[in-house]
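Let's walk through a protein model together, one stop after another.

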Amino acid sequence: MYGRVDGWDMGEDRTPETADTPESVASTEAVIENTPGQGRTPEAERIEPAAPDEFGLVQVWWGDGKGKTTATLGMGMRAAGHGYRVHVLQFMKGGASSVEAVRGEYNAIDALPGMSYENLGHYGWHGMADGSDEAQHEAEAQAGLERAREVLTAASEADLGSPLDLDGDPEDGVHMLVLDEVLYAVERDLLSEDDVHDLIDAKPADLELVLSGGHDEPTYLEKRADLITNVRKEKHPIEDGQRARRGTEF
């Protein structure tokens, strides 16, 4: 396997005209020094409990495009791969009739050390006249709020500067908490903006808090969040009648 630096193959035979000189070696070493991984090919390592050095930000993922949950779960997987403890709390996760009762991400999370999930909602979307129980949506959103408070309180009491048991309960502390669709719950008036502000205020300094969901811009979080990403739709196959597909939407 060859690596490339500055246009030439590091593994190639070079003529005397391109042989190493002090200047070329220094230049090459400088390029490699600035290359992620020092020019090495990354390899998978065994996941061992660890603690993040720089967690503590508030992230917001919103927009009318597909990929908000996908992005946050991918980030959670990345954190878990470093040995950090991650918990995903979904306030609601509905879908069309083509969506099945078991989602692929639940199976994957269950098999991944250090990452866990809870779904406090039920199938269907509030306000969509899809036959799901509206009052139940509201009650479950409130239950999700209380559960989020519990997990944040537990994290405040844990030592997040130390590794956590990868198979431990969320009550033992987590390094990253993903509140999936919490912004949608606010958008549907199931929760209030102040509820989300209170969750942010309750966040311990070393916990990474990730909020996702909703199509409306959460302007109430502009001064509270460190990262805000608008996942914008340019084109979606649903517009051509494509139903949700196993492995991409669920």
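**A walk through the model**

Glutamate 181 is buried, since its relative accessible area is 8% and buried means under 20%. Keep in mind that you are looking at a predicted model. You can find glutamate 181 in the loop between E6 and H5. Its backbone has a positive phi of about 70 degrees, although glutamate 181 is not a glycine. Most residues other than glycine have a negative phi. Another residue to look at here is aspartate 189, a non-glycine residue with a positive phi near 65 degrees. Aspartate 189 belongs to the loop between H5 and H6. Is aspartate 189 buried or exposed? With a relative accessibility of 66%, aspartate 189 counts as exposed, because the cut-off for exposed is over 50%.

Now let's turn to the nonpolar cores. The largest one has 34 residues, and within it Leu179 and Leu211 touch the most other members. Several elements give two or more residues to this core: strands E3 (58-62), E6 (176-180) and E7 (208-212), together with helices H4 (134-157), H5 (182-187) and H6 (193-202). Which of them gives the most? That is H4, with six residues. If you zoom in on leucine 179 and set aside its neighbours within four places in sequence, you will find it in contact with Leu89, Phe91, Ala148, Leu199, Leu209, Val210, Leu211 and Ser212. There is also a second, separate core of 14 residues, and Met75, Tyr84, Val86 and Val178 are among them.

Next, look for aromatic rings: the structure holds two aromatic pairs. One is formed by phenylalanine 55 and tyrosine 84, edge-to-face, with 5.3 Å centre to centre and 75 degrees between the planes. Phenylalanine 55 sits in the loop between helix H1 (22-33) and E3, and tyrosine 84 in the loop between helix H2 (68-81) and strand E4 (86-90), so this pair ties together parts that are 29 residues apart in sequence. Tyrosine 84 counts as buried, at 16% relative accessibility. In the pair of tyrosine 106 and tyrosine 117, the ring centres are 4.3 Å apart and the planes are at 10 degrees, so this pair is stacked. Tyrosine 106 is in helix H3 (residues 104-111) and tyrosine 117 in strand E5 (residues 115-119). Tyrosine 106 is buried at 9% relative accessibility, whereas tyrosine 117 is partly exposed at 31%.

Our last stop is the second largest pocket, which holds about 230 Å³ of space. Its lining includes Glu43, Arg46, Arg78 and His82. By type, the lining residues divide into five charged, two polar and two nonpolar.

Note on methods: Residues numbered from 1 in each chain as written. Predicted model: local features only at pLDDT ≥ 70, side-chain atom pairs only at ≥ 80, totals over all residues. Heavy atoms only, no water. Core = buried A, V, L, I, M, F, W, Y, C linked by side-chain atoms within 4.5 Å. Buried < 20%, exposed > 50% of the residue type's maximum accessible area, 1.4 Å probe, protein only. Helix = DSSP H or I, 4+ residues; strand = E, 2+ residues; numbered from the N terminus. Contact = heavy atoms within 4.5 Å. 1 Å grid on protein atoms, 1.4 Å probe; cavity = no way out; pocket = protein on both sides within 12 Å on 5 of 7 lines; lining within 4 Å. Points joined across faces, edges and corners; volume = space filled by probe spheres on them. Nonpolar A, V, L, I, M, F, W, Y, C, P; charged D, E, K, R; others polar. Phe/Tyr/Trp six-rings, centres within 6.5 Å; stacked < 30°, edge-to-face > 60°.
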